[in-house]
Amino acid sequence: VNGLVPWTEVFTRDFWGTPMKDIQSHKSFRPITTLSFKLNWVLFPLPPSELQEGQRPGEDRTKGSYSFHVVNVVMHGIVSGLV
């Protein structure tokens with residue numbers, strides 16, 4: 001999710017990032033959830049007011065939780081509308 005691994009790896013890794021072929025993988029396959037986390041990571045930077053001491057904007061790609069809640073509610077609404 002943090003940009004260190006290509007987004008296409010979501011289809012070959014479990015929810016926690018372990019390769020599915022690895023013996024330690026617990027085989028939890030959640031590509032939609034993982035892709036939504038990646039989208040949040042890319043689109044919603046942490047505002048400068050929430051940066052930790054000594055941190056510069058754009059230096060750390062840590063995101064606030066608000067965008068995750070918004071995306072979750074929107075996705076929930078879409079799925080509910082489909083049902």
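Serine 36 is in contact (heavy atoms within 4.5 Å) with Val71 and Met75, leaving aside its neighbours within four places in sequence. This model is predicted: local features need pLDDT of at least 70, side-chain atom pairs count only at pLDDT 80 or more, and totals for chains, interfaces and linings use all residues. Residues are numbered from 1 along each chain as its sequence is written, and side-chain values use heavy atoms, with hydrogens and water left out.

## The chain as a whole

The chain has 2 helices and 0 strands. Both kinds of element are DSSP runs, numbered from the N terminus: helices are H or I with at least four residues, and strands are E with at least two. Of the 83 residues of the chain, 20% count as buried. Buried means under 20% relative accessible area, exposed means over 50%, and partly exposed lies in between (1.4 Å probe, protein chains only).

The accessible surface of the chain comes to about 6500 Å². Carbon and sulfur atoms hold 64% of that surface. Such areas come from the Shrake-Rupley method with a 1.4 Å probe, and for residues only the protein chains shown count as cover. Now take contacts between residues at least 6 apart in sequence. Of these, 34% join residues at least 24 apart.

Helix 1 covers residues 31-43. For the 13 residues of helix 1 that gives 18 Å, and the end C-alpha atoms are 18 Å apart, so the two agree.

Which residues of helix 1 are buried? They are Pro31, Thr34, Ser36, Lys38, Asn40 and Trp41. These buried residues pack against helix 2 (66-82).

Two of them deserve a second look. Serine 36 sits in helix 1. Its relative accessible area is 11%, so serine 36 is buried. Asparagine 40 also belongs to helix 1. Asparagine 40 counts as buried because its relative accessibility is 1%. The C-alpha atoms of asparagine 40 and serine 67 are separated by 6.6 Å. Along the chain, those two residues are 27 residues apart.

## Rings before the helix

A search of the whole structure finds 2 aromatic pairs. One of them joins phenylalanine 15 and tryptophan 16: the ring centres are 4.8 Å apart and the planes meet at 85°, so the pair is edge-to-face. Rings of Phe, Tyr and Trp (its six-membered ring) pair if their centres lie within 6.5 Å; planes under 30 degrees apart count as stacked, over 60 as edge-to-face and the rest as tilted. Phe15, Trp16 and Phe37 form one aromatic cluster.

Are phenylalanine 15 and tryptophan 16 buried or exposed? Phenylalanine 15 counts as buried at 18% relative accessibility, whereas tryptophan 16 counts as exposed at 61%.

Arginine 30 lies over the face of phenylalanine 15, at 4.1 Å from the ring centre. A charge sits over a ring if NZ of Lys or CZ of Arg is within 6 Å of the ring centre and within 35 degrees of the ring normal.

Tryptophan 16 is placed in the segment before helix 1. Tryptophan 16 touches His26 and Ser28, not counting residues up to four places away in sequence.

Side chains of opposite charge can pair when their charged atoms come close. The structure holds 1 salt bridge. That term means a side-chain nitrogen of Lys or Arg within 4 Å of a carboxyl oxygen of Asp or Glu. Here arginine 13 pairs with glutamate 9, and the closest N and O atoms are 3.1 Å apart. Arginine 13 is partly exposed, with a relative accessible area of 26%. Glutamate 9 is partly exposed too, at 26%. Glutamate 9 lies in the segment before helix 1.

Lysine 27 also lies in the segment before helix 1. Most residues other than glycine have a negative phi. Phi of lysine 27 is near 65°, a positive value. Lysine 27 is partly exposed, with a relative accessible area of 44%.

## C-alpha separations

| Residues | Apart along the chain | C-alpha separation |
|---|---|---|
| Tryptophan 16 and histidine 26 | 10 residues | 8.9 Å |
| Glutamate 9 and proline 19 | 10 residues | 8.6 Å |

Conventions: Expected span 1.5 Å × (residues − 1).
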